[in-house]
Amino acid sequence: MIGIQYGLTSLIFLFFGFCLVMLMRWQLAYPEQPIPFIGSWFGESNAPGGIMLPEFYNQLGAMHGTIMVFLGIVPLAVGAFANYLVPLQVGAPDMAFPKLNMASYWVYFLGGIVMLSSFFLPGGAASSGWTSYAPLAVVASVGQTYWLFGMFLLITSSLLGAVNIIVTIIQLRAPGLTYFRLPFLVWAQLITSFLLLLAFPALEAAAVMQIMDRLAGTSFFMPSGLVVSGEVLKYTGGGSPVLWQHLFWFLAHPEVYVLILPAMGVVTEIIANNTRKPIWGYRGLVYASLFLGFMSFAVWAHHMFMTGMGTTISTFFQTTTMIISVPSIVIITTLFITLWGGSIRFNTPMLFALAFLPMFGIGGLTGLPLGLNATDIALHDTYYVIGHFHYVVAPGTIFALFAGIYFWFPKFTGRKMNEKLGKIHFVGSFICMNGIFFPMFLVGLAGVSRRLWDGGEQYAHAQGVFRYNETMSIFSWVLALFQLIFIFNLFYSMWKGKKSEENPWQSTTLEWATPTPPPHGNFEVTPTVYRGPYEYSVPGHPTDYLPQNQKV
Amino acid sequence: MSTEIIPYTIEEREDTGVNNAKLGIWLFLTSEVMLFGALFSTYIFLRVGTINWPVGSSFLSVPMAALNTVFLITSSITMVMAWLSLVDKNFSAYRKYMLLTILLGCAFLVVKYFEYTAKFEHNLYPSTNTFLGLYFTMTGLHVLHVIGGLIVNIYFLFPGSKMWESNPERFKNRIEIAGLYWHFVDLVWIFLFPVLYLL
Ligand code: HEM
Ligand SMILES: [Cu+2]
């Protein structure tokens, strides 16, 4: 139940975050032209005459990033999918701590309210980017304080959730369900939860210190002698803006794996199911993910090559970054090889899962030049970086999550989502996503900075690529239209969708071994597990799938 | 929301050797270690970047902090005694030791209050310099943890202790868990004291 609550709330936040960026895309495509139709909604202080002010643009940008990552993807990928599927897939009656589970949802919800309410403050919402770099963020308007308190709530919620997921997986596995019989999704959620548990406290500490800087006048992140708008600040100084970056990225690099690992888990389940084959190299997949999780704590400063932290440190982090690419490649190769020789069912979940592979591939490969010092000097803070991480998160993670929603919808509701609408949604989203993000590489390679309010209109070096802004914007608005189809399909199928059987995809894992909706305690009798998760097309078995709990 | 159907709430799982709550608190404490770890790292980062780092005792009162150290360590001992009393099924001894633990925690806060106000009277604020910023932030966060622990302990002394009648095994576990947290808070102080006051 709480999984569904998480899911719906986070989908709403995702859509809201998307709306913010659609507004920004107007300004980028048609700088200083009034926003059509709705321009007057934003008030004279944000968009006089419907023309977006730079200050408002910055608020939208900061809040887009924050909402997408912390209020959208993480709660959907971890909150919703782990909450709903982990107990079922490990054969548990519920999460280990049901009350804590409820608390973590409501704390998340409250964090969302705090974030959203900050738009109505004098000076508006936080406007220093989702990274809240000091000293800019320390001297920003009161919206930043709300951002910090909101983050505090979201971190608390994630920590509670992470403890709950780990305990559920370790303690509540059904009899016979050994670690190497766990579906890969469960492994992915386990590693993800450890990342949340160990990385988030660094941002918590950093947020406390930024709050102190803003409210108590300390100088943790404030250098000496800072002058803002011609006035010397009253801070005593002696602090370090780079310290903020270290603490932030110590969280935020593991955070990107929080965004991707559950997605990989979802994709693995769907690929095994729809190729009707065992995953090729399941153990390799698990070991690679463990290594990935471990290494993700040792690469954070590849976001900071341009801070002047020194060549020795840069070389160290460039090396670890190259090392961490290896397990990513292992994971994606494993999934590609699994496709080989399968009799693939091309249903909507599978289409999204298949699209994930090359999209994540593009995102990952474009990360390599960013991880190398010498090339990052040119690419840092350009649209190339935006292209890189959106490829992994948007057509990557979000596609995987769509796949998951289509795939487990019969489990959530007892009905199937409409296939035809699903396929239209897929094709449209696939084209539009690439239409938005591919040109970003070109724009970035031309050297256009990622934070320009006018999209580079005034910059000589941006002239050759400026016209792509319009292309990208149009694709983003068309993408929104295709999402309306998804929203319609979601609600239509909830009430009117075709009734589905108990195990509509002929799957092997435990979540399909219980009625829909699952009864009190999830299972009528505690299941016993006899084999691994992907026993498809077992020679000699009459059906092409052999459920984990079936005795032969 | 029925917890009674969830396995290993009270009894230990054979292959892991713990019950759910025990594993949960250890995980929570690892994340707390990371939280204070980040603050101690900040301390090092800022200190090595500063030319004249003050000696803690030039601003702070070592005797008061030493007294507080005694309070907290003693309270950790009484907390263990409270749990052991439950193991011996001696509820009145439990109440005595728990009360003592709470009083010692409160004594810590009273001393801290006098330390803070003494600073403010001398116009020493978090904004005065980086050292004091760190001092107030780190000890302040620790104080919040002490207060959190006190609230939990007070709950288990009064309303929460009804569980001793209905489910003594589970109540005993809860006190053990609360104890683990309390020892952690104690441990943080044992790091804070030398780092801030002596080095
Ligand atoms: C697979 C290998 C990967 C490598 C080598 C890599 C490398 C990098 C590097 C070096 C940067 C910093 C660029 C700069 O600011 O100059 C970066 C930025 C980023 N990466 Fe990756 N990355 C990889 C995968 C991922 C994945 C899987 C995700 C997320 C799911 C991700 C999300 C991000 C984000 C969000 C940023 C930008 C943060 C910001 O500045 O706002 N990356 N990546
Ligand atoms: Cu990174």
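Analyst: Happy to. For the second largest pocket, α3 (98-117), α5 and α6 of chain A each give at least two lining residues, and so do α1 (20-48), α4 (130-157) and α6 (168-198) of chain B. Keep in mind throughout that this is a predicted model.

User: Which element gives the largest share of that lining?

Analyst: That is α4(B), with twelve residues. In total 42 residues line the second largest pocket. To find its middle on your screen, look for L100(A) and L160(A) from one chain and I25(B), F28(B) and V152(B) from the other, which lie nearest the centre.

User: What about enclosed spaces? How many cavities of 30 Å³ or more does the search find?

Analyst: A cavity differs from a pocket in that a probe fits inside but cannot get out. The search of the whole structure finds two of 30 Å³ or more. The largest cavity has a volume of about 190 Å³. It is lined by 19 residues, and Y6(A), V74(A), G79(A), S157(A) and S158(A) are the closest to its centre. In chain A, α2 (54-89), α3, α5 and α6 each give two or more residues to this lining.

User: How many charged residues line the largest cavity?

Analyst: None: the lining has twelve nonpolar and seven polar residues, with no charged ones.

User: And what should I look for at the second largest cavity?

Analyst: That one holds about 40 Å³ of space. Its lining includes Q89(A), E269(A), N273(A), F407(A), W408(A) and Y536(A). α7 and α12 (383-413) of chain A each give two or more residues to the lining. By class there are five nonpolar, five polar and two charged residues.

User: Let's turn to the interface. What do I read off when two chains meet?

Analyst: Start with how many residues take part, then see how much area is buried and on which atoms. Here the contact takes 39 residues from chain A and 36 residues from chain B. Together the two chains bury about 3,100 Å² between them, and 74% of that is on carbon and sulfur atoms. There are also five residue pairs in polar contact between chain A and chain B.

User: Which helices of chain A supply at least two residues to the side that touches chain B?

Analyst: They are α5 (143-171), α6 (184-215) and α7 (241-275) of chain A. The largest share comes from α6(A), with ten residues. That side of chain A has 25 nonpolar, eleven polar and three charged residues.

User: How many salt bridges cross the interface of chain A and chain B?

Analyst: The rule finds one. The partners are D15(B) and R173(A), whose closest N and O atoms are 3.9 Å apart. The cut-off for a salt bridge is 4 Å. Over all chains, the structure holds eight salt bridges.

User: Why does the pair D15(B) and R173(A) join two chains?

Analyst: D15(B) sits in the segment before α1 of chain B, while R173(A) sits in the loop between α5 and α6 of chain A, so the pair links the two chains.

User: Can you describe chain B as a whole?

Analyst: Chain B has six helices and zero strands. Its C-alpha atoms fill a box of roughly 60 × 35 × 25 Å along the principal axes.

User: Finally, which backbone details deserve a look?

Analyst: A cis peptide bond joins A134(A) and P135(A), with omega about -5°. P135(A) lies in the loop between α3 and α4 (136-139) of chain A. S132(A) is found in the loop between α3 and α4 of chain A, and this residue has a positive phi of about 45° although it is not a glycine. Another cis bond runs from T516(A) to P517(A), with omega near -10°. P517(A) is placed in the segment after α14 (468-496) of chain A.

Key: Residues are numbered from 1 along each chain as its sequence is written. Chains are lettered from A and ligands numbered from 1 in the order in which they are written. This is a predicted model: local features need pLDDT of at least 70, side-chain atom pairs count only at pLDDT 80 or more; totals for chains, interfaces and linings use all residues. Side-chain values use heavy atoms; hydrogens and water are left out. Contact means heavy atoms within 4.5 Å. Buried area is the accessible area (1.4 Å probe) that two parts lose on being put together, summed over both. A salt bridge is a side-chain nitrogen of Lys or Arg within 4 Å of a carboxyl oxygen of Asp or Glu. A polar contact is a pair of N or O atoms within 3.5 Å; within protein, one must be able to donate a hydrogen and the other to accept it, and residues adjacent in sequence count only if both atoms are side-chain atoms. Helices (H or I, at least four residues) and strands (E, at least two) are DSSP runs, numbered from the N terminus. Ala, Val, Leu, Ile, Met, Phe, Trp, Tyr, Cys and Pro count as nonpolar, Asp, Glu, Lys and Arg as charged, and the others, Gly among them, as polar. On a 1 Å grid over the protein atoms alone, a cavity is a set of points where a 1.4 Å probe fits but cannot get out, and a pocket is an open set with protein on both sides within 12 Å along at least five of seven lines; lining residues have an atom within 4 Å of a point. Grid points are joined across faces, edges and corners, and a volume is the space filled by probe spheres set on the points.
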